[in-house]
Amino acid sequence: QVQLVESGGGLVQAGGSLRLSCAASGRTFSPFDMGWFRQAPGKEREFVAAISWSGGSTAYADSVKGRFTISRDNVKNTVNLQMNSLKPEDTAVYYCAAGRIAYVTKQYTDWGQGTQVTVSS
């Protein structure tokens, strides 16, 4: 099992930027594919971005393509989500997730507690 702790959330005006970080501990981090998800009030959790274990492949939801960038550092055991040009509809709790071959299977086994992102108009 991988323990995940998110940070970097907060309140930002529309058009602004935030950088979320997820620190992993426990099992070796590098074999795990990583993802970011979000859940807005009254809505289901949705996929935001994913990165393969090597960092060589990334995927994004259409709603964030061109605005968000996912990256990872397998030495520091972190995965980041750079969020630019934020919109009020990006407001949600953002979760970091890990899973072996999850980039292909979409099956994530370990989840963080989440960090709140609020974008004001």
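Among contacts in the protein chain between residues at least 6 apart in sequence, what share join residues at least 24 apart? The share is 56%, where contact means heavy atoms within 4.5 Å. Before we go on, note that this is a predicted model, in which local features need pLDDT of at least 70 and side-chain atom pairs count only at pLDDT 80 or more, while totals for chains, interfaces and linings use all residues. Residues are numbered from 1 along each chain as its sequence is written, and side-chain values use heavy atoms, leaving out hydrogens and water.

Let us start with the overall fold. Along the sequence the pattern reads β-β-β-β-β-β-β-β-β-α-β-β. The C-alpha trace spans about 40 × 25 × 25 Å along its principal axes.

Now look inside. Of the 121 residues, 43% count as buried, meaning under 20% relative accessible area, with exposed over 50% and partly exposed in between (1.4 Å probe, protein chains only). In soluble globular proteins, nonpolar side chains tend to be buried together. Here the largest nonpolar core has 30 residues, and Met34, Trp36, Leu81, Met83 and Tyr94 have the most contacts inside it. Such a core is a set of buried Ala, Val, Leu, Ile, Met, Phe, Trp, Tyr and Cys residues joined through side-chain atoms within 4.5 Å. Apart from this core lies another, of five residues, including Phe37, Ala97, Ala102 and Tyr108.

Asp33, in strand S4, is worth a visit. Asp33 is buried yet has no salt bridge, and Arg72, the nearest side chain of opposite charge, is 5.1 Å away. (Lys and Arg count as positive, Asp and Glu as negative; His and the chain ends are not counted.) A polar atom of the Asp33 side chain lies 2.7 Å from the backbone nitrogen of Trp53, and one lies 3.1 Å from the backbone nitrogen of Ala102.

Elsewhere, charges do pair. The structure holds four salt bridges, each a side-chain nitrogen of Lys or Arg within 4 Å of a carboxyl oxygen of Asp or Glu. Arg38 pairs with Asp90, their closest N and O atoms 2.9 Å apart; this links strand S4 to the loop between S8 and S9, across 52 residues. Arg67 also meets Asp90, at 2.8 Å from N to O, and both Arg67 and Asp90 are buried. Through shared partners, salt bridges join Arg38, Glu46, Arg67 and Asp90 into one network.

Terms used
Helix = DSSP H or I, 4+ residues; strand = E, 2+ residues; numbered from the N terminus. Polar contact = N/O pair within 3.5 Å; in protein donor to acceptor, adjacent residues only side chain to side chain.
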